[in-house]
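Good morning, and thank you for coming. Please look at the sequence and the structure as I bring them up, and keep them in view while I speak.

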Amino acid sequence: MTTEIPGERLTTTAVLTTADEIMELLGNPVPAVMMKQIDHLDRGAVSVLRHSPIAGAGYRDATGSRRSTFVGGDAGFIEVLAPTRIAFSLPGTSPVPANSSGFSFVFLLPGVSETLRLNGLMLSRDGARTVVQVQEVYVHCARAIGRSQLWVAPKSPAPPGSHGPGGSGPLNDPGVREFLAAAPFLVCTSGDADGGSDTSPRGDRPGFVRIIDGHTIAIPDRKGNRRADTFHNVLQDPQIALAALVPGSSQVLHLNGTASVTTDPDLLSTMALRGMNPHAALLIDVAGAELGVSEPVRDAQLWDAAAHVDRDAFPDLNILAAQHLATNPANRMGPLIRPVAALLRLFPNVTRRLIGRSFSSALAKEGYDSDAPAPAPTPPRRASSPARRFEVRTIRRETPEAATVVLRGGDEPLDFVPGQFFTFGLDVDGTTVRRAYSASSAPGSPELEITVKHIDGGVFSGHLHRKLAVGDQLEVRGPSGALFDPATTDADEIVMVAAGSGVTPMMSIIRARLAGPGRARLLLLYGNRDESSIIFAGELARLQREHPGRLVVTHQLTGPDPTWTGRTGRITGASLTAWLADLRPSTGARYYLCGPDALMSGAREALRDSQIPGDRIRMESYRSAAPTESTGTAHRMNVTDGGAEIGAGPVPAGQTLLEAGLSAGLPMPYSCTVGNCGECVVKLLSGRVAMSEPHCLPAGQEAEGYVLTCVGRPQTDVTVDIADL
């Protein structure tokens, strides 16, 4: 196939003409993809609109031609009149929309790769102000922006886009050709036979829009969610419009014409990545091209990092998509998805990291290698969980060594996942001491319960047991941690193995599950020294009586009274295997372990020997990291955020980086303070840091130069960067 021949027109017969051919090419989209839209603006979508400074928009003008452009210029440019009505202003140079025109938007959030799409119908127009009825709202995946690196500031100035003579076709203008060669991103507007409008993002390496001749371009279509809205639309109405961006430039290239879908192998081979051809391409016969400065793009300051949105100010779009899927009335699985969406909402940082890493891996497999990296979404600096003040309402003795503290911080029910922990701070002799404890209560109540065992020499636990009184206040941060698997359903059996105070997160799980409607069994193997040291002994016995067959608790004691007739000895791999053989958990059971390292390592090995998949086993240690040896010398810590200096301060001998940073008033991210949650991870730019063991930082991240400030003590002067991973 010949390309780039001014004055000649491309002809090809490899064109798809039916919906069946498209389905055969792409396959069926998964049901979740087709049911993630809602028909109104919920609170999450409204929040996104209020933070978005710009959107790609598409419609038909008064002449019947399809148009694609950018609207906005500042956050909150969309006026939400009602859940089903919005208003906005079109740029003064935009063609006038046709009456009752279909209108579509893709809302962009600078610094964020996911987008929000909205389709509707124009209701009225008063001057530049246009009112649109909302018909469909849904979250679009991050591929287009991730592939294009749209938010990465350019290393060199954007092309000037100067016009000049160049043949008969609109694409022979040198300014148009230069701009397309540099453009990594565009929005594409198409529509169906009923007059509807759909605007979608397209992104790839700069120059991914291939100029075939003076009138024809091809846009590769790579792996996606298989919705293929644009493909289906052009079968009904071939009119199409594009608006392209180049990072760093305030200009926009507007194109319009007619489109078809081609699978021509010769053409697709010219757009291959790592030897992989796109599965199809949009072939567009361009009728017009117009390049000019866009006021919305100029005013939105899209490539100024300081103007990028604060991701903590609005819902994570991946979680918002899950919520939309759960509330779609057409989705029969909604009741099962709803609690998963609620759990994901509690772990925004974890969710972002997991999705970001998965996304980067997927792009690498598609051919976006190191010479043109396609980064995962890059949120701004993490904000630590805000500190709240909770008052001690009750102190309840559980055993001679353990007590439950009942706290309340207001009238709102606490939202956390069973098994999560909170970080508590209290003043001990003029020094703020922080420790992390699992909630032993179930979520959904304004009161939070923690059950703390006294530790010899423990500063926090000693103060709590000897001096804490009703009416005292504690600083509370959290929740943190991910012991409980959000994928667990009411149909899954739960097998728990704990020793000593390791039962506290298990108690939260038991209380929460027994309060629900499920019937799956909860099995607990609980090790202690003797009967007097069994925490929650009375409540566990009562719950077994009230839920016969559903809750099964087995106690195993290392130093029992001679009258004890139950299991004895430490919990080992062999004793766990024998216990499981007696109870025969279902093949879908989930396993949770909490206790000393020896118990958990032995139990995990026994479960794996029993062919339990690793993804069904979760563990949590309640042992804090042991302090590293101090150099006996104070050192200095410099703190940056994405390379920008934000402060510095001394680190006295023996202090952690986190302790010193908080004392200096620096915005250090953290949660648990004991090396268990990973929220305080930072990049070590210079110097040496020793971290106490054990801690949760993966060996790979440690090798890459990351450290946990809560268990890290400097061995030299250091510089750390607190920007998110």
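Y706 lies in strand β32, which covers residues 706-708. Helices (H or I, at least four residues) and strands (E, at least two) are DSSP runs, numbered from the N terminus. What I show is a predicted model, in which local features need pLDDT of at least 70, side-chain atom pairs count only at pLDDT 80 or more, and totals for chains, interfaces and linings use all residues. Residues are numbered from 1 along each chain as its sequence is written, and side-chain values use heavy atoms, with hydrogens and water left out.

Is Y706 buried or exposed? Its relative accessible area is 18%, so Y706 is buried. The term buried means under 20% relative accessible area, exposed means over 50%, and partly exposed lies in between, with a 1.4 Å probe and protein chains only. Along the chain, Y706 and K683 are 23 residues apart, yet their C-alpha atoms are separated by 4.4 Å.

I turn now to charged side chains. Side chains of opposite charge can pair when their charged atoms come close. A salt bridge here is a side-chain nitrogen of Lys or Arg within 4 Å of a carboxyl oxygen of Asp or Glu. By this rule the model has 17 salt bridges.

One of them joins R202 to D221, with the closest N and O atoms 3.0 Å apart. R202 belongs to strand β10 (residues 197-203) and D221 to strand β12 (residues 216-221), so this pair ties together parts that are 19 residues apart in sequence. Both partners, R202 and D221, are buried.

Another salt bridge is that of R511 with E449, at 3.6 Å between the closest N and O atoms. This pair links distant parts of the chain, since R511 is in helix α13 (residues 503-514) and E449 in strand β20 (residues 447-453), 62 residues apart. R511 and E449 are buried as well.

E539 and R542 also form a salt bridge, their closest N and O atoms being 3.6 Å apart. Both lie in helix α14 (residues 537-546), 3 residues apart, about one turn of the helix. R542 counts as partly exposed because its relative accessibility is 32%. Which residues are linked in a network of salt bridges? They are R396, E398, E449, R511, E539, R542 and E546.

Finally, strand β16 (residues 388-399) pairs with strand β21 (residues 473-480) in the antiparallel sense over 4 bridges; two strands pair if DSSP finds at least two bridges between them. R389 has E475 as its bridge partner in β21.
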